[in-house]
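Please examine the sequence and the structure below before reading on.

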Amino acid sequence: TRAMGAASTLSGVLVFDIHPDGDVFVDGVPRGRSPPLAELRLDPGRHIVEVRTKGYPAYRYDVELRPGRVTNIEIAFTSGDERGILRRMWDSLMVKS
């Protein structure tokens, strides 16, 4: 178990806060629906994260995961022009690591 603990500290962590919900893809691979999916441990480095829900354009982000660090992805799917404003704000502010 000591080796397992060491491996987990070398992982980067993605934490999700998605409203109302969305399907999460990492590097093109489906990883689950959030919620209930709350976090993923991945190898450090660059990853493409995409979150999709029916009836809305997908959110797509290029993230750089660092060993032992948490990157938060917070998404609220909204409609109309409000989505464009929120999307621009989100792209510049909401992916945090």
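Tyr56, Tyr59, Tyr61 and Phe77 form one aromatic cluster. The model is predicted, and three aromatic pairs are counted in it. A pair of aromatic rings is described by the distance of the centres and the angle of the planes.

**The pair Tyr56 and Phe77**

- The ring centres of Tyr56 and Phe77 lie 5.7 Å apart and their planes meet at 45°, so this pair is classed as tilted.
- Tyr56 belongs to the loop between strand S5 (45-52) and strand S6 (59-65), while Phe77 belongs to the loop between strand S7 (70-76) and helix H2 (80-93); the pair therefore ties together parts that are 21 residues apart in sequence.
- Tyr56 has a relative accessible area of 32% and is therefore partly exposed.
- Phe77 has a relative accessibility of 7% and therefore counts as buried.

**The pair Tyr59 and Phe77**

- Tyr59 and Phe77 form an edge-to-face pair, with 5.2 Å from centre to centre and 70° between the planes.
- This pair links distant parts of the chain, as Tyr59 lies in strand S6 and Phe77 in the loop between S7 and H2, 18 residues apart.
- Both Tyr59 and Phe77 are buried.

**A charge over a ring**

- Which residue has its charged end over the ring of Phe25? The residue is Arg52, whose charged end sits 3.8 Å from the centre of that ring.

How values were computed: Residues are numbered from 1 along each chain as its sequence is written. This is a predicted model: local features need pLDDT of at least 70, side-chain atom pairs count only at pLDDT 80 or more; totals for chains, interfaces and linings use all residues. Side-chain values use heavy atoms; hydrogens and water are left out. Rings of Phe, Tyr and Trp (its six-membered ring) pair if their centres lie within 6.5 Å; planes under 30 degrees apart count as stacked, over 60 as edge-to-face and the rest as tilted. Helices (H or I, at least four residues) and strands (E, at least two) are DSSP runs, numbered from the N terminus. Buried means under 20% relative accessible area, exposed over 50%, partly exposed in between (1.4 Å probe, protein chains only). A charge sits over a ring if NZ of Lys or CZ of Arg is within 6 Å of the ring centre and within 35 degrees of the ring normal.
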